[in-house]
Amino acid sequence: MAHRAYVKVIVEYDEAGGVHPLRIEWEDGRKFRIDRVLDVRRAAATKAGGEGMRYTCRIRGQETYLFECEGRWFVEAKD
């Protein structure tokens with residue numbers, strides 16, 4: 001089972017109000033640059049529950065989902 005792991009996300013806003021996540025920062029201080037955002041859509045976090053904007057990101061060559069829900073960011077982490 002997975003759970004929500006809330007993370008700090010550094011974002012950039014464009015002139016049209018678009019949100020572009022740039023970096024994820026874990027609670028323990030680890031930082032990961034988002035190499036590329038591949039897709040953005042409203043979707044459910046099927047493993048951890050909840051719904052929000054799902055950003056499909058490439059980080060260090062691996063695809064991962066980053067979710068924004070009511071102003072908070074999380075990833076689906078394994079228990």
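Ring pairs tie Tyr-6, Tyr-65, Phe-67 and Phe-74 together into a cluster; rings of Phe, Tyr and Trp (its six-membered ring) count as a pair when their centres lie within 6.5 Å. The model is a predicted one, in which local features need pLDDT of at least 70 and side-chain atom pairs count only at pLDDT 80 or more, while totals for chains, interfaces and linings use all residues. Residues are numbered from 1 along each chain as its sequence is written, and side-chain values use heavy atoms, with hydrogens and water left out.

In total, the structure holds four aromatic pairs. A pair of aromatic rings is described by the distance of the centres and the angle of the planes: planes under 30 degrees apart are called stacked, over 60 edge-to-face, and the rest tilted. Tyr-55 and Trp-73 have ring centres 5.3 Å apart and planes at 45°, so this pair is tilted. Since Tyr-55 belongs to strand β6 (residues 51–59) and Trp-73 to strand β8 (residues 72–78), the pair ties together parts that are 18 residues apart in sequence. Strands here are DSSP runs (E, at least two residues), numbered from the N terminus. Both Tyr-55 and Trp-73 are buried, that is, under 20% relative accessible area with a 1.4 Å probe and protein chains only; exposed means over 50%, and partly exposed is in between.

Phe-67 is buried, with a relative accessible area of 1%, whereas Tyr-65 comes out at 35% and counts as partly exposed. Arg-54 lies over the face of Tyr-65, at 4.2 Å from the ring centre, and the charged end of Arg-4 sits over the ring of Phe-74, 4.5 Å from its centre. The criterion is NZ of Lys or CZ of Arg within 6 Å of the ring centre and within 35 degrees of the ring normal.

Thr-56 is another residue of strand β6, and it is buried, with a relative accessible area of 6%. Leaving aside neighbours within four places in sequence, Thr-56 is in contact (heavy atoms within 4.5 Å) with Arg-36, Val-37, Leu-38, Asp-39, Glu-63, Thr-64 and Tyr-65.

Note on methods
Helices (H or I, at least four residues) and strands (E, at least two) are DSSP runs, numbered from the N terminus.
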